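Work through the following exercises with the sequence and the model open side by side. Each task is followed by a solution that goes step by step.

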Amino acid sequence: MILRKGYKFRLEPIKTQRNLFFQFAGAGRWVFNRGLAQKKDAWKINKQTISLFAQNKELTLLKNKDETAWLKTIHSQVLQQSLQDLDSAYKNFFRGLKNKENPGFPKFKVKGFKDSFRYPQGVKVEGSLVFLPKIGWIKFRKSREIKGIIKQSTIIREGDNWFVSFNTENEIETPKPILDPEKTVGIDLGLKSFATLAIGKDNHLVTIENPKYLRKKITKLQFLSRQLSKKVKKSKNRYKAIKKLSSFHSHLKNLRLDFFHKQALTIVKSHDIINIEKMNVKGMLKGLKNLSRAINDAAWSMFVNCLKNKAIEYGKTLNEISSLMGSTKHCSKCGHKNDITLKERTYICSFCGQVIDRDLNAAINIKAAGSTV
Ligand SMILES: [Zn+2]
């Protein structure tokens, strides 16, 4: 079994290296935005699609033109990766459409917001030095050992600091514990509580709350994003506000990841079979403001990914239950379908009379659906 893991470390570049980071990120953004504009135009004018192959070919031509010869100073794989990322964004969009998930169309990259670039290969690590092709050896704060082979490396700016994140692959022996059906859990992810768990034969209820510090941070995030929307386009203040929002975003993401890792580890360690609803966020968050929706979308899929990885690592079974089962509306006792609005916290069955917390009802349904997978 191949275990995929991410590592992130703070880089300690010297000034010339920092300048190169900005140049590489800028060039990657330029290639991405140019490619996106081309794709959009081709579709608008001729109803044509431009392939990744064609865009890569054109990139080579650009390097030989005087006005775009500066592209030669950037590592070619970094630029190709930008086009690859664009291609993936397109594919994800169309896959999302097909699955009726209401995906976002690929957006133009904005300077100062999530500045980054990516190497598909060629990055080496020795001690606490990392080698980035065409930039050189850079010191980094190696806070833990890297296990496995580095597959992809991303250089990201967060505030005034730059980080490197490695995606690694590690071939591991899969642990094969005997799965105890009693150690089954059904998980319902929600807005009020972060997660509601129905555990074991007795459907023992456990709720995981959103930590207070995260709730406060989200309020601040909303504030910062309102501030940004008030700034004049292309102004210096707007750039500053973008930078501020972007680094706060990363800060919040790190805090959440930390929270998710801890929760996922506890769940995986204490259960053998984990059933979770396949996210159909569209239906759940209808009517909520865009920003909080985006935050929750991202958070839930991050958490589910965490759970999946840890389940692989510990040899546990994870079932994703299709949301078509309607875990919220069906009575977990008799299966009767009752109508329940998003506001109603208590589920009352008109058929068998069961009165139960709505999230627990959903979690029990998810748990039950998992045993039939
Ligand atoms: Zn019922």
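The exercises below go from the overall build of this predicted model to helix packing and then to the nonpolar cores.

**Exercise 1. Describe the overall build of the protein: how many helices and strands are there, and what share of residues counts as buried?**

Step 1. Begin with the secondary structure, which comprises eight helices and 14 strands.
Step 2. Turn to the extent of the C-alpha trace, which spans about 75 × 50 × 40 Å along its principal axes.
Step 3. Of the 373 residues, 25% count as buried, and among contacts between residues at least 6 apart in sequence, 65% join residues at least 24 apart.

**Exercise 2. Determine how α2 and α3 are oriented to each other, and which residues make the contact.**

Step 1. The axes of α2 (residues 52–63) and α3 (residues 76–98) come within 10 Å and cross at roughly 155°.
Step 2. Angles over 145 degrees count as roughly antiparallel, and α2 and α3 are therefore roughly antiparallel to each other.
Step 3. The crossing is right-handed, with Leu52, Gln55, Asn56 and Leu59 of α2 in contact with a set from α3 made up of Leu79, Gln80, Leu83, Gln84 and Asp87.

**Exercise 3. Locate the largest nonpolar core and find which element gives it the largest share.**

Step 1. This core has 30 residues, of which Ile187, Ile274, Ile276, Phe303, Leu307 and Ala363 touch the most other members.
Step 2. Among the elements that give two or more residues to this core are β8 (184–189), β11 (273–277), α5 (236–270) and α8 (358–371).
Step 3. The largest share, seven residues, comes from α7.
Step 4. Leaving aside residues up to four places away in sequence, Phe303 touches Phe260 and Ala264.
Step 5. A second, separate core has 22 residues, including Ile74, Leu86, Ile135 and Phe166.

Notes. Residues numbered from 1 in each chain as written. Predicted model: local features only at pLDDT ≥ 70, side-chain atom pairs only at ≥ 80, totals over all residues. Axes fitted to C-alpha atoms, helices over the stretch in contact; angles between N-to-C directions. Helix = DSSP H or I, 4+ residues; strand = E, 2+ residues; numbered from the N terminus. Parallel < 35°, antiparallel > 145°, perpendicular 65-115°, else oblique. Left-handed = near helix turned anticlockwise from the far one by under 90°. Contact = placed C-beta atoms within 7 Å. Core = buried A, V, L, I, M, F, W, Y, C linked by C-beta atoms within 7 Å. Buried ≥ 20, exposed ≤ 12 C-beta atoms within 10 Å, placed from the backbone.
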